[in-house]
Amino acid sequence: MMEQVPSPDGSGTEPTPGPNPNGDRTQTGTEPEPAPNPNRPRPAAQLSREPRRSAAAWGGALARAARPFPGRRGRGGAAMMAAAAARRGRLGREGRASLCSFLLGASVAALPLLLGSSPSLLAAPGLRGRLALALHVAGVNAALVLIYPRPLYKIAVRACFLGFAFGCGLLLSAGRSAWRHFGWYMCSLSLFHYSEYLVTAINNPRSLSLDSFLLNHSFEYNLAALSSWVEFTLEKLFFPELKQITWLSTVGLLMVIFGDCLRKAAMLTAGSNFNHIVQNEKSDTHTLVTSGVYGWFRHPSYVGWFYWSIGTQVLLCNPICVVGYALASWRFFRERIEEEEITLIHFFGEEYLEYKRKVPSGLPFIKGVKLEL
C-alpha cells in the first residue's frame with residue numbers, strides 16, 4: 001500500500017516510496033534504513049566470524065574447567081589433567097620441552113664436526129670451530145629464553161646441557177681419540193640423568209620437578225662423581241696404558257646398559273607408584289607391584305642403579321673408585337631398603353611380608369628389614 005502525502009508543488013498528492021517486497025527499489029531518492037530482521041540471512045563476512053566466537057567460547061569453558069573444584073583442595077584442574085596424561089602415557093609440555101632441548105643440545109655438540117673441524121672436542125677444534133660453537137650455544141640459550149616461560153626455561157637449560165654432554169660423548173666415542181672410553185662414560189652419565197626426568201614425565205607427571213633430573217641428588221653423589229673424574233685424569237697422565245684396556249671398558253659398558261635398562265624398566269612397571277622420594281603416607285592410588293621385573297627383585301630400581309654406578313667406574317678403568325663406589329653404594333642401598341621396607345610393611349602389612357619371603361632384594365648380602373617377633 002502507498003501512503004498519500006501532499007505534493008511539494010501543491011498540485012495534489014503523490015505516493016511515498018517504500019521498500020519493495022521483492023527487494024529492489026522502484027523509486028529513487030533517500031529512504032530510511034529498514035529495521036534489522038533477525039531472521040534475515042547474514043552475509044558471508046559475518047558468517048566467517050562465527051567459528052571464532054565459538055572457539056573463544058570453548059576456550060573460556062576450558063579455562064573454567066581448569067580451575068580447582070570447590071571443596072577439593074590441592075586437586076585443581078591442572079593436576080587432574082596431569083593425572084589423566086599419566087594414565088594415557090603421554091608427555092606433558094615439560095617432557096616435550098626437555099626432549100626437544102636434549103636433542104638440541106646434542107646437535108650443538110656436532111657443530112664442529114659439521115664445520116669440518118676435528119670430531120674430538122678435546123682435540124683443539126680450531127679457532128673457527130670454537131667461535132662457531134660459542135655463537136651457536138649463545139644463540140640456543142637466547143632461543144630458550146624467548147621460547148620458553150621461566151619454569152620451562154629451567155627445564156630446557158638442564159636438558160640442553162645433558163644433550164650437549166651426550167653429543168660430545170658420541171663424538172669422542174666415534175673418533176679414534178685416546179678419550180674414547182671417556183666418551184662412553186659421558187654418554188652413559190648424561191643419558192641416565194635425562195632419562196630419569198623423561199620417564200618420570202611419562203609415568204608420574206604430578207611428582208615431576210627439577211629434582212627429577214637427579215643432578216643435585218646429594219653432596220656425596222657429586223663428590224663421588226668428581227673423585228672419579230680426578231682419578232681418571234691423573235691415571236691417564238701417569239699411567240696411560242691403564243686406560244686403554246678395551247675389553248674391561250666393554251664389560252663396564254655392558255654393566256651400565258644392563259643397570260640403566262633394569263632401572264627404567266622398574267620405573268615403567270611401577271607407573272605412578274614410583275617416586276624418587278620415599279613416601280611416608282599411603283595414598284588411594286598406591287598398590288603393591290609384584291609383576292614384571294618386580295617378580296625378579298623386590299627393589300629392581302636400586303639393583304639397576306647399583307650395577308650402573310659400579311659399571312661406570314669399570315668403564316673408566318678406575319680401580320680405586322670401583323672399590324669405593326661398590327662399598328658406598330652398598331651401604332647407601334642397605335639403609336635405604338630397610339627404611340623403605342618399614343614403610344611398605346606399614347602400607348600393605350601381610351601382603352608385603354609374603355612378597356618379601358618369596359622374592360629376594362636383588363642386592364648382594366642385603367635381605368632387608370628384619371622383624372623381631
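**View 1. Glu 196 is buried in this predicted model.** The relative accessible area of Glu 196 comes out at 0%. You'll find this residue in helix H8. Leaving aside residues up to four places away in sequence, Glu 196 touches Ser 212, Leu 214, Arg 263, Lys 264, Met 267 and His 276. So when you zoom in on Glu 196, with its 0% relative accessible area, you're looking at a buried residue.

**View 2. Phe 102 and Tyr 194 form a stacked pair.** A search through the whole structure turns up 16 aromatic pairs. Take Phe 102 and Tyr 194: their ring centres sit 4.4 Å apart and their planes meet at 15 degrees, so this pair counts as stacked. The cut-off for stacking is planes under 30 degrees apart. The two residues come from distant parts of the chain, 92 residues apart. Phe 102 belongs to helix H4 (residues 93-109), while Tyr 194 belongs to helix H8 (residues 180-203). Both partners are tucked away: Phe 102 is buried at 6% relative accessibility, and Tyr 194 is buried at 3%.

**View 3. Phe 192 stacks with Trp 308.** Here the ring centres are 4.1 Å apart and the planes are at 20 degrees, so Phe 192 and Trp 308 make a stacked pair. Phe 192 is buried, at 0% relative accessibility. Trp 308 is buried too, with a relative accessible area of 3%.

**View 4. Ring pairs join up into a cluster.**

**View 5. Lys 236 lies over the face of a ring.** The ring in question is that of Trp 179. Lys 236 is placed at 5.4 Å from the ring centre.

**View 6. Cys 317 and Cys 321 are both buried.** Cys 317 has a relative accessibility of 5%, so it counts as buried. Cys 321 has a relative accessible area of 8%, which makes it buried as well. How many disulfides does the structure have? The count comes to zero, going by a cut-off of 2.5 Å between cysteine sulfur atoms.

Notes: Residues numbered from 1 in each chain as written. Predicted model: local features only at pLDDT ≥ 70, side-chain atom pairs only at ≥ 80, totals over all residues. Heavy atoms only, no water. Phe/Tyr/Trp six-rings, centres within 6.5 Å; stacked < 30°, edge-to-face > 60°. Helix = DSSP H or I, 4+ residues; strand = E, 2+ residues; numbered from the N terminus. Buried < 20%, exposed > 50% of the residue type's maximum accessible area, 1.4 Å probe, protein only. Lys NZ or Arg CZ within 6 Å of the ring centre and 35° of its normal. Contact = heavy atoms within 4.5 Å.
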